[in-house]
Amino acid sequence: MEILVCVKRVPDTAENEIEVKSDGTDIERDDLVYSVNEWDNYAVEEAIQIRDKIGGSVTVVTVGDEESEEVVRREMAMGADKGVLLSDEAFDGSDGKGLATILKAEIEKGNYDLVLTGAMADDGAAQVGGMLAAMLDWPYASVVNTIEVLDDKKIKVGREIEGGNQEMNEIDLPCVLSIQTGINEPRYVGIRGIRKVAAIEIPVHGAADLGISSESVGRGGAKVKRVDYFVPDLGEGAEILEGSMDEITEKLIELLKAKGGIK
Amino acid sequence: MAQQLFAYIGHKNGIADDPALELITAAKKIYADAAITAIITGSGADLAAVGNELASSYAEVWKVENEACAYPNGEVIRSLLVNILPPDAIILFAHDTFGMDLAPGLSIKLDSAFVSDAVDIKGVDGTTLTVIRQEYSGMASTHVHADISNGAVITCRPGSFQPDESKSANGQIVDKSAAAGDLSAKRRFLEVVEAEAGDVDITKSDVLVSVGRGVEDQENIEIAEELADAIGAVVSCSRPIVDAKWLEKARQVGTSGKTVKPKVYIALGISGSFQHMGGLKGSPFIVAVNKNPKAPIFQLADVGVVQDLLEFVPALTEKIKEG
């Protein structure tokens, strides 16, 4: 099975405190630790496991600047066979539809049976996979937490739905799936793994290579634009307990007793 | 003339999902005086019951009745919506696992703007709609401008818009079944597998000690268990703990886990994403312990402690035991 996995380089929210710049134009990006989007890592692991079981290849693709190459390389160190970076100034400021347009052009150059994305990324929109499927006229399933290959025409997928229940579906190939965390246990990538793929050349495809008109992508092509970042005024929030460890624990125990939290 | 507003309403067992009345409020924030049309799909007596329920709140209720819609398969319902919606329509969905499945692709098929997971709507100026969303797990908010000249598909975060309880619409039910078109799809629904019951039922406990990513290591789960033992609570958790397989799925609080209604909820190292908080009902007294003072949980908690839980919680447990 020929599998393509779409990944994104994002600020790692587990490693960073995200702060909004005072002028609201962006978040503070100095000193941010970046990594591959958590959901994408599960998608790559799943693709590798399918390939190892039934054969085929795994290609990892991202849309971004030259710094995004590091996440492609990292996923190749995990075991992906090929990597591609889609990069062009014309892509800057693309909305979800713009990103799907770019990815679609790359997909149509190949012969893929299965395209995976993470269920969501740093902007929480959870949109590119569904848009991509609609553009390709392929079936789509979101928040997928199990995949079983039935034959070369169809697969069985579980979707994680509300209440921890799972919705089982049969879906024809080729298709696009967005992958939920927890579907597998992504393998660890050590420094030696990264070194092994350090010298591999990762091809870069731009708008001209992909046959994309620059009006359909980028800031100009976007129907949806982020205007600013801000910190919402959500009222007072929690009463923050301060003082020495002794004082805080004492105060908290008092509160818990009053609210019935200590039996 | 203002564009026509629609809200797709999901339902179970003949009852509309909670966001049914929230989407009215969201739609009125786009055009205050617009008549809003609900769209429902399904079959049989359940569909009829939901239609009657919604007619008191929506000016019109469009229903599509077909056995192929008995279970809401996003692939089937996307294609029928393309067939029945007028050009330039603005359609709202709840941002749940059905809305996420169907809505992005629908915007492509309709060639309209897509805005995901709106938490507030600021209104329309010309053809520009302003919406508020969040990024980075709720750590930053943004204003988003959408060009709605060719319509829009918008998913709204459940719980973010006040339900419109006025029930003053006295609306008409319109049968659109004949316009639905071909309902075969390349994705076929098979069954729903119910979540497994775990060793403990976290929904039965008045006091929950809940652990999140901040616990850092499987061994540290003990710290939460010891606190729970000391105060007579049960241990629950957020999604990353289940993903890491440190605790069983039955202990997960959130929209993709269990909905709980404790009296007291002690959140240890939980950032407070809406998916997690969506599983917490009944306004419990919330205590948050997190070393990141910017964690969204501090906006939602009653009491906060900005400390590393690995140091703070053992000290707290010790003190409680001393009694």
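The model before you is a predicted one.

Of the 323 residues in chain B, 54% are buried. As for contacts in chain B with a separation of 6 or more, 67% of them are between residues 24 or more positions apart.

The domain assignment divides chain B into domain 1, residues 5-179, and domain 2, residues 202-322. The centres of these two domains, taken over C-alpha atoms, are separated by 34 Å. Six residues from domain 1 of chain B and seven residues from domain 2 of chain B take part in the contact between them. On the domain 1 side, the residues divide into two nonpolar, three polar and one charged.

Let us turn to a sheet in chain B. In what order do the seven strands of the open sheet run? The order is S7-S11-S6-S1-S4-S5-S12, and the pairing is parallel. At the edges are strand S7, residues 113-118, and strand S12, residues 172-175, each of which pairs on one side only. From one strand to the next, the twist averages 25 degrees. Helix H2 of chain B, residues 44-55, packs on this sheet and touches S4, S5 and S12 of chain B. The direction of H2 makes about 170 degrees with that of S4(B).

Lys167(B) lies in the loop between S11 and S12 of chain B. Although it is not a glycine, Lys167(B) has a positive phi of about 50 degrees. As background, most residues other than glycine have a negative phi. Is Lys167(B) buried or exposed? Lys167(B) has 11 C-beta neighbours inside 10 Å, and therefore counts as exposed, the cut-off being 12 or fewer.

I come now to the contact between the chains. Here 70 residues of chain B are in contact with 68 residues of chain A. On the chain B side, the largest share, eight residues, comes from strand S10 of chain B, residues 140-147. The residues on that side divide into 32 nonpolar, 17 polar and 21 charged. Strand pairing also links the chains: six bridges join strand S9 of chain A, residues 166-172, to strand S13 of chain B, residues 187-193, and these strands run antiparallel. Within this pairing, Ile171(A) has Arg187(B) as its bridge partner.

Chain A itself has eight helices and 13 strands. Its C-alpha atoms fill a box of roughly 65 × 45 × 40 Å along the principal axes. Buried residues account for 49% of its 263 residues. For contacts in chain A with a separation of 6 or more, the share between residues 24 or more positions apart is 69%.

Which helix of chain A is largely enclosed by the rest of the structure? Helix H4, residues 128-136, has nine of its nine residues buried, so the helix is largely enclosed. Among these buried residues are Val128(A), Met131(A) and Leu136(A). The elements they pack against include strand S1 and helix H3 of chain A, together with helix H4 of chain B, residues 97-110.

Ala126(A) is found in the loop between S6 and H4 of chain A. Its phi is positive, about 55 degrees, although Ala126(A) is not a glycine. Ala126(A) is buried, with 27 other C-beta atoms within 10 Å. After H4(A) comes Asp137(A), whose phi is also positive, near 65 degrees.

Finally, a cis peptide bond joins Leu173(A) and Pro174(A), with omega about -5 degrees. Pro174(A) is in the loop between S9 and S10 of chain A.

Note on methods:
Residues numbered from 1 in each chain as written. Chains lettered and ligands numbered in written order. Predicted model: local features only at pLDDT ≥ 70, side-chain atom pairs only at ≥ 80, totals over all residues. Buried ≥ 20, exposed ≤ 12 C-beta atoms within 10 Å, placed from the backbone. Contact = placed C-beta atoms within 7 Å. Helix = DSSP H or I, 4+ residues; strand = E, 2+ residues; numbered from the N terminus. Nonpolar A, V, L, I, M, F, W, Y, C, P; charged D, E, K, R; others polar. Pairing = 2+ DSSP bridges. Axes fitted to C-alpha atoms, helices over the stretch in contact; angles between N-to-C directions. Domains from an automatic or database assignment.
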